[in-house]
Every structure is written in structure tokens, then in C-alpha cells.
Amino acid sequence: MTEIGSTVPHVYSRAELASIHKDILNGEKEARKLIVVDNKVYDITDFTFDHPGGEQVILTQEGRDASDVFKEMHPPHAYELLANCYVGDCDPKNPPVTEKRKNATAFAQDVRQLRDKLEREGMFEASQLYYVYKVTSTLAVCGVGLALLKTWGKTSPLVVLVSAMMVGLFWQQCGWLAHDFAHYQVIKDQGTNNLFLVLLGNLVQGFSLSWWKNKHNTHHASTNVTGEDPDIDTAPVLLWDEFATANFYGALNKSNAFDRFLAKHILPYQTRYYFFILGFARLSWAIQSVLYSFENETLNKSKLLSWCERLFLVIHWLFFTYVAIAWTSTWSEVILFFIVSQLTTGYLLAIVFAMNHNGMPVLTPEQATNMEFYEIQVVTGRDVTCSAVGDWIFGGLNYQIEHHVFPEMPRHNLSKVKPMIQHLAKKYDIYHHDTTLIGGTIEVLKTLDFVQKVALKFSYKLDLD
């Protein structure tokens, strides 16, 4: 490590960095948490808590070369903040030995060059006209739904049903808008962007922007990596891979009767309730969001933004509770509005998210460490080919691979980039998966079926405990 007053930075070998990472994994108290960006070493031990993107996401990169993920998920001025943690340089990566690793390295280099080219061509600049249309048209869906409820909600249960479905669709579409703003696809200025985020996320949709960014940033930084990606950490509701299954069943103890009941009687049959459980996604995430917001500060530690988030969440629930009660005539219609609106959003969100990565390869942390960032994004993602209506429903996330390769690229440019990524993937024998909604759903069900069979074998052992 560079000594105080020294003008010559310490040069770490890759073996030295691997040894320090091993000390971290072994719980050595004196070990420092290091990351590598562009062959420079940064000590993030004391910085993780203050990381503007959250502590969880930066810790996924500890001990790894984070050059590509850092570039894709940070504005240029973030490098200035990172410089405060600089402790030395490191040797370049060891040259790849196998043909597969050589291809992956060459693929990553070509993607970097493609990114620079696309940036020069303005492909990372959003069309303001497009997003004016998206915001106004999305708000119009809510406006029509609420207008129907106010005008005929007291006289027609059918109108209550239609209104609830429109509000549910509105929340789903707001989710995609908030997602775009969370990735700085629309507005690059952080303050203005956060204003739109709390309005679209907290106030309109009822999801905390900090809860979402903490969860979603970690997902992007460590996609489909078991034990790191929160999007596949859904036990004890669903299990997506044999690693999570082994960890869940291995951690069971006799004192937790509920988890043991799920492990023995529910999880081995998860394909039977999969579609049923999807409907509760919106409600589950909303509850998690409220709990997170009131238990934690915002990621940037702003007191004002923290209280704005909490206030807007409260206003969201008060407003939609009010319209459900005031603009319907019976309590059964209030319940109908609540259930249908929540289920509509739940299904529309969850089906899209399930298509994105579920059923695709799940990696161990060790595998992820030895792979290129861009390679991981391609092999763990699933593109879904669909119509213009499908594009609208998916919010552009049917171009999931391209979104993960270039997360700050506005959604309206992803379709243009898809053939370019496909070409590079084919050139270097990197698997790029593209399917239909039905094909993707079958793949997801096959994965759930494989994992439930593993779970069933583990459940037999519970009788022996």
C-alpha cells in the first residue's frame, strides 16, 4: 500500500489482490476491501457506507476488476470521488489461457469500442419529445381510470373493475418510467433526476426510489450471481437454482417450524403456485418499500430527500385509499378496486421481470470474478421478441440484454443496438438468447421444475432430522 509522503504508488500483483480478497472472505478484521478500476486499486473499506449508490452494490465488486461496471453505472464525475480512495496500481489482467476466455476478453474489448462509438453518435442522449409523450400518455391512463371511477363508480361495479385495471396498468407503466430515470437515461443532472424519481416512484407509484435503486443497482452490478443478486434471492417463496436451494435447506433448523413447513410441503411444488404468486408482486414490493424507507435514509444520506420519500409514500396511499372509498358505494367495491389494481400491476410487472433473467444461467461469485462484465450481462439475460404492443407493455425491457450492457442508454435506442450486440456475440461465440413470451415462460417453468425436484430430494432429509 502507498506510504504517506511517497510519490511512488504501490503496484499490486493480481495474486496479492486475490490473497487480500481471501482474507476478507475469511473474516480477517485487518483486511482492507479493495476494488480495481482501470488497473488502479482503490480501498473502499471506509467508503462503503457513504457510497452514493448504496453499500450493498459496491461490496459486490470487492476483490474484483470493476472497470466496466463502474463506467456503465456512474457519471464521469464519479471518477473524481473514487480518486479519494486510491491506494496504488495493479498489474494488468493475466492473459486468457483458454479459447473461451480469449473470446470473452475480445468480446468485452469490442463492446467498449462500440460504446465509445455509440456515445459519439449521441445514442446515450434521450429524445425529450419521446419522454414528454411517455410521461403525458402514462398520466393520461391514470386520469381516464380515475375519471371513470369518479363519474360512474357509485353506480357500476363494472366501471370499478375497469378503473382498477387502468390504475394497475398506470402503476406498471410508471414503474418503467421510474426505471428509466433511475438509470439516468432521461436527465443527467442528479438533483433534477431525483425530483422526477420521487414524484414518479414514491408519490405516483408508491415505491421508494432508495429501496428500488439499492436493490436494482445491486442486480445490475452482480446479475444472476447467487448470494449477491437480490432479484434471484426469493426464498422461501421461490427457488431459482440449486445453489439457493442448497443454502436454504442447509440453513433450516428445528426451531423454525414455518420455514420447515414451506421446505417440505410448498417449495417442492412451486410450479403449481408460480402464476398465482406473481399477482402479489406489487403488494410485496410496496410493503418492502415502505419498511425500507422508514427504517433507512436515502442512499445519498440527504435528510430532506429521506423525508420527501416518506411523505410522498404516505400521500400515495392516502390518496388512492380516499378515491377507492369516496368514489365507490360499498365496501365490497372498495376491496374490489384494491385487489384488482394490485393484482393487475403485480402480474404486469412480475411477468416482465420473470422473462428478464429467471431460467437463465446462475453464477457463483467465483465464476463471476473470472468473467468479463459484458459477458455476464449477455449470458444471463433473455431478450423477448414481440410486437409494438409488447414493446409498450415491457417498457423496453424486452431488450434486456442490451439494457444490461448499456444501462444508461434510453429505451428508444435499444432496438437499434440489439443487432450490433448480437453480431459481436456471434463473432466471439458468446450466447445471446432471444425468444418469445411463450418460449420464455416455458423456459422459466422448466427451471422451476428442475429446482423443485432438487428441493423435493432435500425435503426427504427433513424427516431424518
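**Note on a pocket and a helix pair**

1. The second largest pocket has a volume of about 990 Å³. The model is predicted.

2. The lining of this second largest pocket counts 38 residues. Closest to the pocket centre are M73, H74, P75, A78 and E408.

3. Which elements give two or more residues to the lining of the second largest pocket? They are α2 (55-59), α3 (67-73), α4 (78-82), α5 (99-120) and α9 (209-221). Among these, α3 gives the most, with five residues.

4. By class, the lining of the second largest pocket has 20 nonpolar residues.

5. Now the helix pair. Two packed helices are described by the angle between their axes and the distance between the axes. Helix α14 covers residues 303-326, and helix α15 covers residues 331-356. The two pack at an angle of about 135°. Their axes lie 8 Å apart.

6. The crossing of α14 and α15 is right-handed. On the α14 side, W317, F320, A324 and I325 make the contact. On the α15 side, W331, V334, F337, F338 and Q342 make the contact.

7. How do the residues of the contact of α14 with α15 divide by class? Eight are nonpolar and one is polar. No charged residue takes part in the contact of α14 with α15.

Methods:
Residues numbered from 1 in each chain as written. Predicted model: local features only at pLDDT ≥ 70, side-chain atom pairs only at ≥ 80, totals over all residues. Heavy atoms only, no water. Axes fitted to C-alpha atoms, helices over the stretch in contact; angles between N-to-C directions. Helix = DSSP H or I, 4+ residues; strand = E, 2+ residues; numbered from the N terminus. Left-handed = near helix turned anticlockwise from the far one by under 90°. Contact = heavy atoms within 4.5 Å. Nonpolar A, V, L, I, M, F, W, Y, C, P; charged D, E, K, R; others polar. 1 Å grid on protein atoms, 1.4 Å probe; cavity = no way out; pocket = protein on both sides within 12 Å on 5 of 7 lines; lining within 4 Å. Points joined across faces, edges and corners; volume = space filled by probe spheres on them.
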